[in-house]
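Please keep the sequence and the structure in view while reading.

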Amino acid sequence: MIHLSLIGIGTGNPEHVTLAAVRALNQADLILLPRKGEAKSDLIDLRRLLCRDLLEASSRTRVVEFDLPCRDARADYLGAVDDWHGAIAEVWADLMATHLPEGGRVGMLIWGDPSLYDSSLRIAERLSGKGQALDIRVEPGITSLQALTAAHCIPLNALAEPVLITTGRRLRERGWPSDAESVAVMLDSGGAFQALPQEDLTIWWGAYLGMDKQCLIDGPLVDVAATILERRAALRERHGWIMDVYLLRRV
């Protein structure tokens with residue numbers, strides 16, 4: 001039996017890691033760290049830092065790194081993602097069979113929280129579907145939305161109003177969701193808000209939230225949209241990758 005802990009580690013700040021997450025790390029027999037290429041080396045460097053700082057000296061936990069399969073950039077987005085998840089599940093299964101042939105506890109360090117726009121739970125379900133005896137636990141982490149609203153010192157919702165959480169792709173394809181006053185946008189490849197009428201919208205944008213290179217911009221969308229696009233492009237060029245999220249609200 002494999003006991004798999006999906007451990008939310010927040011958005012890059014070691015102080016965001018909960019005590020429950022620290023305990024799960026130290027109880028693991030094996031921690032798997034994904035490498036995403038040189039352009040995103042910061043991501044595995046932060047995971048290495050967490051393991052170095054949070055694993056107790058007496059811990060027998062083994063840390064194993066692996067290369068994450070690349071996703072096909074074909075037009076069939078959902079099909080490409082499905083195939084990609086299948087490839088990742090195969091890698092996970094091979095690593096677990098190699099390093100824990102008799103079973104044991106495995107920890108995966110998940111950026112943000114495993115429940116919010118992350119596919120680790122779906123990938124883990126594929127292991128169960130392949131006959132792997134698997135017990136899954138989730139240690140929640142601070143999400144990018146929490147880090148965003150905290151950094152800007154704002155509430156996520158307007159008074160007594162709901163919030164819709166969506167992706168940049170859907171915002172670009174479908175426009176502003178009906179009956180929504182506030183829209184949180186994740187997984188935007190860049191500038192999906194340009195598809196919206198920019199008048200009467202305020203934006204709170206953040207990149208590299210929780211890190212020392214955190215960048216924040218806010219204001220009326222019509223006034224700051226160009227600034228966000230320019231800053232985002234410059235940051236991506238400087239660091240080789242970018243993670244950003246934003247909140248839009250009607251005013």
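The points below concern a predicted model and are grouped by topic.

**The open sheet**
- Five strands form an open sheet in the order β6-β7-β10-β8-β9, and their pairing is mixed.
- The edges are held by β6 (163–167) and β9 (215–220); each has a single partner strand, so one side of each is left without a neighbour in the sheet.
- On average, neighbouring strands of this sheet are turned by 15 degrees against each other, with direction ignored.
- Within the sheet, strand β7 (residues 182–186) and strand β10 (residues 244–250) run antiparallel and are joined by 4 bridges.
- S182 has R249 in β10 as its bridge partner.

**Strand β4 and its partners**
- Strand β4 (residues 104–110) is largely enclosed by the rest of the structure, because 6 of its 7 residues are buried, that is, under 20% relative accessible area.
- Strand β1 (residues 2–8) runs parallel to β4, and 7 bridges join the two.
- L4 is paired in this way with V106, its bridge partner in β4.
- Strand β2 (residues 30–35) also runs parallel to β4, to which 3 bridges join it.
- For I31, the bridge partner in β4 is G107.

**Background on pairing**
- Strands of a sheet pair through backbone hydrogen bonds, in either a parallel or an antiparallel manner.

Note on methods:
Residues numbered from 1 in each chain as written. Predicted model: local features only at pLDDT ≥ 70, side-chain atom pairs only at ≥ 80, totals over all residues. Heavy atoms only, no water. Pairing = 2+ DSSP bridges. Axes fitted to C-alpha atoms, helices over the stretch in contact; angles between N-to-C directions. Buried < 20%, exposed > 50% of the residue type's maximum accessible area, 1.4 Å probe, protein only.
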